[in-house]
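Here are my notes on the aromatic and nonpolar packing. Please read them with the structure open.

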Amino acid sequence: MGRVTRRAFAGAMLAGLTAAGGAVAWGATTGGDTDEDEKAEARRRAGSGELRGMWLSTVTNRDWPSRAGLTAAEQRSELLAHLDTAARCRLNAVIFQVRPTADALWPSPYEPWSQYLTGVQGEDPGWDPLGTAVEEAHARGLELHAWFNPYRIANHADPTKLVASHPAREHPDWVVPYGGRLYYNPGLPEVRAFAQDAMLDALKKYAIDAVHWDDYFYPYPVAGEVFDDDATYTQYGGDFEDRASWRRDNTDRLVRETAARVKKIRPGTQFGISPFGVWRNASTDSLGSDTQAGVQTYDDLYADTRKWVREGWIDYICPQIYWNIGFAAADYAKLLPWWAEVAEGSSTRLYVGEALYKAGDPAQPDAWQDPAELSRHLTFARDHPQASGHVFFAAREVGADPIGAMARVVADHYQQSAKPPR
């Protein structure tokens, strides 16, 4: 599923569940000036550490490069411009997508060069984007979190379109077509081992500050289609009460094993995940959030995100709370406190994924036409000390800022620089 589709998916899953969805008034809007209490709070957070990040997406050339086939110099110039924008906005972390579709934005012995660089999968772009990103981010005082997708192979269903040397062609038994796309089968131990090897090759080579995954584990459900892992379940699922439990265990294994390997390969490197914002609805599970989401990560993506936090398997979680305050099906003002309660007392930091891309989009509810909506999110989060930062989707909107929503966040909340939590 493409990056644009990923974020749009959240809205699509919820849009049909509520006839409303516009903003419900919450408190007073933040003004251009902060009062003394707000300034004091900003100083406190800056002193204790606060993540201020942006995602830099490469799948389908969403944010970078602006198109496939640019020269190495043009690609490098665009990349540095994104880093400069992050620094100018007083952000302190860039989450750079370096394995969008079972490929690589560094010279990898496991997988081909990404087609999003040259337009041809496997073609050497003539430079090292990840190595450059790490060096140049650090030179600007930014952390560089390397963002990987574990199981997505292609945004099409034709294996012959993959470069001949692609692991998915060499191991067709690893591949499951689903929803017009190709995925590695998470139930195969050899797939989990390979995915880790491919991702962690980057960690061995570069001083990245974090290994980062997004919301793709088992794929989002597609109506009328079945993810065909029957043979794998027959082979490996005998100890589980049902297929869903087995699938969740497969995802748990990937998380636990990766966490252990990250710490062994480069101690001090973080491991973080940014899942879809709803673990389970309260109507499904009394431990769930007061939401009516059409997707629940526990049930539909087979990802027990709450468990990973409570068990301390990951260093940070950054749920994509991509809805406005007052949105009926998934209210930001209900989801953030729920995640704060999940994170409280755990060793896992909570950051909040913010839908900057919705600001000013005429297809979005009225709340997103107000440049102050995102700033209100950060103001609301101040009352929840477990929330120690925000990450904005995505770099293109951070730079373009069509209605000034990012500028409002910077003016209201990022007047001083801050270091990430450690």
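**Notes on rings and cores**

1. Tyr-357 is buried, at 15% relative accessibility; the cut-off for buried is under 20%. Phe-393 is buried too, with a relative accessible area of 1%. Keep in mind that this is a predicted model.

2. The model holds 26 aromatic pairs. One of them joins Tyr-357 and Phe-393. Their ring centres lie 5.7 Å apart and their planes meet at 90°, so the pair is edge-to-face; that label needs an angle over 60 degrees.

3. What does this pair tie together? Tyr-357 sits in the loop between strand 10 (349–354) and helix 13 (373–381). Phe-393 sits in the loop between strand 11 (387–392) and helix 14 (395–400). The pair therefore links parts that are 36 residues apart in sequence.

4. Tyr-357 and Phe-393 also belong to one aromatic cluster with Trp-55 and Tyr-322.

5. Two arginines sit over rings. Arg-248 places its charged end over Tyr-298, 3.8 Å from the ring centre. Arg-247 lies over the face of Tyr-302, at 4.9 Å from the centre of that ring.

6. The largest nonpolar core has 119 residues. Phe-96, Leu-130, Trp-213, Phe-392 and Met-406 touch the most other members. Helix 12 (residues 332–343) gives the largest share of this core, nine residues. A second, separate core has seven residues, among them Tyr-178, Phe-227, Trp-246 and Tyr-302.

7. Look at Phe-96 in detail. Beyond its neighbours within four places in sequence, Phe-96 contacts residues including Leu-56, Trp-64, Leu-130, His-145 and Trp-147.

Notes
Residues are numbered from 1 along each chain as its sequence is written. This is a predicted model: local features need pLDDT of at least 70, side-chain atom pairs count only at pLDDT 80 or more; totals for chains, interfaces and linings use all residues. Side-chain values use heavy atoms; hydrogens and water are left out. Rings of Phe, Tyr and Trp (its six-membered ring) pair if their centres lie within 6.5 Å; planes under 30 degrees apart count as stacked, over 60 as edge-to-face and the rest as tilted. Helices (H or I, at least four residues) and strands (E, at least two) are DSSP runs, numbered from the N terminus. Buried means under 20% relative accessible area, exposed over 50%, partly exposed in between (1.4 Å probe, protein chains only). A charge sits over a ring if NZ of Lys or CZ of Arg is within 6 Å of the ring centre and within 35 degrees of the ring normal. A nonpolar core is a set of buried Ala, Val, Leu, Ile, Met, Phe, Trp, Tyr and Cys residues joined through side-chain atoms within 4.5 Å. Contact means heavy atoms within 4.5 Å.
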